Every structure is written in structure tokens, then in C-alpha cells.
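Please look over the fold shown below before reading on. The report then moves from a single loop residue to the sheet and the helices around it.

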Amino acid sequence: MESERRTVTANGISQSVRVAGPPDGVPVLFVHGNCSSAAFWEPLIRRLPETLRIVAPDLRGYGDTQTAPVDATRGLRDFADDVAALLDEATLFAAPDVRPLVVGHSLGGGVAMNLLIDHPDRVAGLLLAAPVSPYGFGGTRDVTGTPTTPDFAGTGAGTANL
């Protein structure tokens, strides 16, 4: 299956989105990881059944999507809000109340989990590969993103969301 790149305005920013398959196909939403773009998914998309509707956005500041501020105090919610806005974009999905399977890798896994937390009625299921916390990078827990340790010891990029 071949994808095409589209640009849509959703959640107040210009988002680049790769799409493939029929608009009324089984919806699958791919969310890429850090230091990447929707192009990450291209080798997989080429091998998927043509009965699927694939939507793979470039997250804000990645690929060809507009660079926009990220409020780190919200964890990954700015990214998840952008992705949620795509679910209502009529040019991407045929159904107005689409519930895709959401596939997330790394940062995209955290975004996918945040999408599920904030919009459980809009997600049919999650498939996660090496996801980060939905509350931001590093060792966090609970719905407010409390650090697992006061000094972020052993969390690698734990201070990235401060």
C-alpha cells in the first residue's frame, strides 16, 4: 500500500499527515517516536492490507508539521491534543466518530496512552512499542506525573519535562 502526504489544520496548527487506504477502511493511527516523523512507518505501511485506513501524522515540531510550543507541565498532552483533533478531520476518516487502533512507538506510545486517558471513547485499542510515560519523559507515575524519585535518579531524560 502506498501513502500520500497531506497537510491539514487541526488544533490550531498545520499538521503533515501520511494517509493510505480507503477512507472507510479499518482505521489505524500511527504515532512516531522522538527524533522521527511519520516516514518511520513507511516500510510497514507498504506491507499492510489495503483494507486498512492508515493515518500517520508528524507530531508538532517533527517532519513537515508546524513547530509549535509544548507546555511541558502538561506532559505529552499538547501532542495528544493534536492527534485527537485529527480524529475529527473529515478528509482523513470517513466516520465522524472514528475509533482507530492506535499504534505508538517510544514518544508516540506515551502520546497514544495520553490520547486513551483523555479520550477513552475515541480509541479502539493500543499497540505500543517501547513507550515512554504518558506524563512525559523519564521516571514518572500517577496522573500528575510525579517523579518516581525526588532527584530523577536513574531516569535518563527525567529532567526533560521540568
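Where is the place of S106? S106 sits in the loop between strand 5 (101–105) and helix 3 (107–118), where helices (H or I, at least four residues) and strands (E, at least two) are DSSP runs numbered from the N terminus.

## Basis of the model

This is a predicted model, in which local features need pLDDT of at least 70 and side-chain atom pairs count only at pLDDT 80 or more, while totals for chains, interfaces and linings use all residues. Residues are numbered from 1 along each chain as its sequence is written, and side-chain values use heavy atoms, with hydrogens and water left out.

## Overall architecture

The protein chain has three helices and eight strands, and from the N terminus its elements follow the order β-β-β-α-β-α-β-α-β-β-β. Of its 162 residues, 48% count as buried, a term that means under 20% relative accessible area, with exposed meaning over 50% and partly exposed in between (1.4 Å probe, protein chains only).

Among contacts (heavy atoms within 4.5 Å) between residues at least 6 apart in sequence, 62% join residues at least 24 apart. The chain exposes about 7500 Å², of which carbon and sulfur atoms supply 56%; accessible areas come from the Shrake-Rupley method with a 1.4 Å probe, and for residues only the protein chains shown count as cover.

Six strands form an open sheet in the order 1-2-4-3-5-6, and the pairing is mixed; two strands pair if DSSP finds at least two bridges between them. Strand 1 and strand 6 stand at the edges with a single partner strand each, so one side of each is left without a neighbour in the sheet. Neighbouring strands of this sheet are turned by 25 degrees against each other on average, direction ignored, where axes are lines fitted to C-alpha atoms, for helices over the stretch in contact, and angles run from 0 to 180 degrees between N-to-C directions.

Strand 4 pairs with strand 2 in the antiparallel sense over four bridges, and V19 has V55 of strand 4 as its bridge partner. Strand 3 and strand 4 pair in the parallel sense, again over four bridges, and here V28 stands opposite I54 in strand 4. Strand 3 also runs parallel to strand 5, joined to it by four bridges, with G104 of strand 5 as the bridge partner of V31. Six of the six residues of strand 4 are buried, so strand 4 is largely enclosed by the rest of the structure. L52, I54 and A56 point one way from strand 4, whereas R53, V55 and P57 point the other way, and all are buried. In a regular strand the side chains alternate between the two faces of the sheet.

## The packed helices

Seven of the 10 residues of helix 2 (residues 77–86) are buried, so helix 2 is largely enclosed by the rest of the structure; the buried residues are D78, F79, A80, D82, V83, A84 and L86. What covers them includes strand 1 (4–10), strand 2 (13–20), strand 3 (26–31), strand 4 (52–57) and helix 3.

Helix 3 lies across strand 3, strand 5 and strand 6, running at about 145 degrees to strand 5. Nine of the 12 residues of helix 3 are buried, so helix 3 is likewise largely enclosed by the rest of the structure, and these buried residues pack against strand 3, helix 2, strand 5 and strand 6. Among them are L107, G108 and M113.

## Loop residues

Most residues other than glycine have a negative phi. S106, however, has a positive phi near 55 degrees, and S106 is buried, with a relative accessible area of 19%. A130 also has a positive phi, of about 50 degrees, although A130 is not a glycine; this residue lies in the loop between strand 6 (125–129) and strand 7 (140–141) and is exposed, with a relative accessible area of 58%.

R122, in the loop between helix 3 and strand 6, counts as buried at 14% relative accessibility. A polar contact of 3.0 Å joins the side chains of R122 and D88, a polar contact being a pair of N or O atoms within 3.5 Å; within protein, one must be able to donate a hydrogen and the other to accept it, and residues adjacent in sequence count only if both atoms are side-chain atoms. Leaving aside neighbours within four places in sequence, R122 is in contact with residues including L87, D88, P96 and R99.
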